Amino acid sequence: MNLITPDENLENDISFSNSASSSPFENLVRYGLTDAVQQRIETIIVRDHELVPGRVARVDGISTLVHANATDYRASSTFARIAHADDFEIEPAQPTVGDWVLIREGEGSNPDEIELVLPRTSLLIRKRAQRGKYQGGEQGLAANVSTVFVIQAATYFNVGRLEREIALVWGSGATPIVVITKTDLLEEGTPESIVEQANASAPGVEVFAVSGITGDGTNSLRSYTQAGSTVALIGASGVGKSTLVNHLMGEEVMETGDIRETDTRGRHTTVTRQLLPLPGGGVLIDTPGIRSIALVSGSEEAIAKTFAEVEQYFGQCRFRDCQHQGETGCAIVEAIESGDLSQDRFDSYLRMGRELKYEKTKNTPRAKTEHERRMKVIAKAHRQRSRLEKRRK
Ligand SMILES: Nc1nc2c(ncn2[C@@H]2O[C@H](COP(=O)(O)OP(=O)(O)O)[C@@H](O)[C@H]2O)c(=O)[nH]1
Ligand SMILES: [Mg+2]
Ligand SMILES: [Zn+2]
């Protein structure tokens, strides 16, 4: 068999000891294959030689683009399920960008099917939304990501958003890195002052300041994009994700665009999500801008990680049931007074905690009944008003 690489212009100067030139995994190394993933795939294909391993590069509705070793597939994912080690547990899975999958080629006019999805080492999710409206449920943004570049523009740095983005990443199982872009546009203030602000809003998270246009500061990002690593970029629309991707790739692979001044929604520029092999190894995943970062269920641990410097004081207050509202001997209050803890951070912590609590109760039967009751009251008020209006005429 003489198989041709679909994308021949991609340099591949990475050499892996485990990938001899005839290996069925050779090209998958470019797409971020690690030893662990390869071993997992091998245990599956020794039992079923017809399954073809690959990595999801894009999801368009019902069609999923998968890079395999020899060719690309546009596969259906109707019957995809997670490949647990025991093989008994059948769990349907919606493949997402970055997923490692096994495809069964369709015979005749049957579509190629994604049959198995490998268990994920990390999964970035967001609430399913369309035109800014919550649609119910959650949606995968990127899977098997090692690092997430949390992008904020130096020109409109938003602390509240940053804290949510950091929580989102901790919740996914990946490690967040803050990247401040557009430093070349700063007229007043210096990149250093923004970095300081970011450090205060994201303790324990590395912060870098770059320009995707001039390339300033981007070299320090390369330590996160070595062979075998997968880096996703998240951030609001217009912050410069695609511009940074293009810079790191060394070519224009993603479309970039300006935000219209009259339109705060910004133009939708990144329509596809793509898995992009970097020339020097590593893989980038550009994501579309997430409009609002909503906490997903089960984010308690992520919040604890995001606000570790707040939670460290818990258990140190004099009273075990301290509400940290000014009780005597409250460790939180003392830390704020002595300047060891920032009041803003504690407020953010409380805000996110409240939100998570609300998320939890929102879907309970009682909350639903209450919602329905209120909708009925509102509908009745409307009917009464239109009756009154008719009578007046
Ligand atoms: N001056 C400057 N402009 C940038 C920088 N990064 C992005 N832009 C511009 O900001 C706009 C939005 O960038 P884009 O990469 O499409 O943002 P995305 O929506 O996050 O992918 C485009 O007009 C870019 O040219 C930067 O570092 N410096
Ligand atoms: Mg973009
Ligand atoms: Zn307290």
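**The zinc site and beyond**

A: The site of the zinc ion (ligand 3) is tetrahedral, with angles of 100 to 115° among its four donor atoms. Bear in mind that this is a predicted model. The protein donors are C317 through SG, C322 through SG, H324 through ND1 and C330 through SG. They lie 2.1 to 2.4 Å from the zinc ion (ligand 3). In sequence, the donor residues follow the spacing C-x4-C-x1-H-x5-C. Two of these residues, H324 and C330, are buried.

Next, the aromatic rings. A pair of aromatic rings is described by the distance of the centres and the angle of the planes. Five aromatic pairs are counted in the model. One of them joins F307 to Y349. Their ring centres are 5.6 Å apart and their planes stand at 75°, an edge-to-face arrangement. F307 sits in the loop between helix 5 (300–306) and helix 6 (308–311), while Y349 belongs to helix 8 (residues 343–362). The two are 42 residues apart in sequence, so their pair ties together separate parts of the chain. F307 has 0% relative accessibility and therefore counts as buried. Y349 has a relative accessible area of 13%; the cut-off is under 20%, so Y349 is buried too.

Y349 also pairs with F346. Here the centres are 6.5 Å apart and the planes meet at 10°, so this pair is stacked. F346 and Y349 both belong to helix 8. They are three residues apart, about one turn of the helix. F346, with a relative accessible area of 4%, is buried. Ring pairs link F307, F314, F346 and Y349 into a cluster.

Now the strands. Which residues of strand 9 lie on each side, and are they buried or exposed? T147, F149, I151 and A153 are on one side, and V148, V150 and Q152 are on the other. Every one of these is buried, which covers both faces of strand 9. That makes seven of the seven residues in strand 9 (residues 147–153), so the strand is largely enclosed by the rest of the structure.

Strand 9 has pairing partners. It runs parallel to strand 10 (residues 175–181), and seven bridges join the two. Within this pairing, Q152 stands opposite I180 of strand 10. The chain gets from strand 9 to strand 10 by way of helix 2 (residues 159–172). This β-α-β crossover is right-handed. Strand 9 also pairs with strand 12 (residues 230–234), again in the parallel sense, over four bridges. There, T147 has V231 of strand 12 as its bridge partner.

Last, helix 3 (residues 191–201). Its buried residues include I194, V195, A198 and S201. These four cover an arc of only 125° around the axis, which means they share the same side of helix 3. Turned away from that buried side is a face with the exposed residues E192 and E196.

Methods. Residues are numbered from 1 along each chain as its sequence is written. Chains are lettered from A and ligands numbered from 1 in the order in which they are written. This is a predicted model: local features need pLDDT of at least 70, side-chain atom pairs count only at pLDDT 80 or more; totals for chains, interfaces and linings use all residues. Side-chain values use heavy atoms; hydrogens and water are left out. Buried means under 20% relative accessible area, exposed over 50%, partly exposed in between (1.4 Å probe, protein chains only). Two strands pair if DSSP finds at least two bridges between them. A crossover is right-handed if, with the strands pointing away from the viewer, the path from the first strand over the helix to the second runs clockwise. Donors are N, O and S atoms within 2.8 Å of the metal (3.2 Å for Na, K and Ca); water is not among the atoms, so sites may look incomplete. Four donors count as tetrahedral if all angles lie between 85 and 135 degrees; four count as square planar and six as octahedral if opposite donors are over 155 degrees apart and all others between 65 and 115; anything else is irregular. The arc is that of the directions from the helix axis to the C-beta atoms. Rings of Phe, Tyr and Trp (its six-membered ring) pair if their centres lie within 6.5 Å; planes under 30 degrees apart count as stacked, over 60 as edge-to-face and the rest as tilted.
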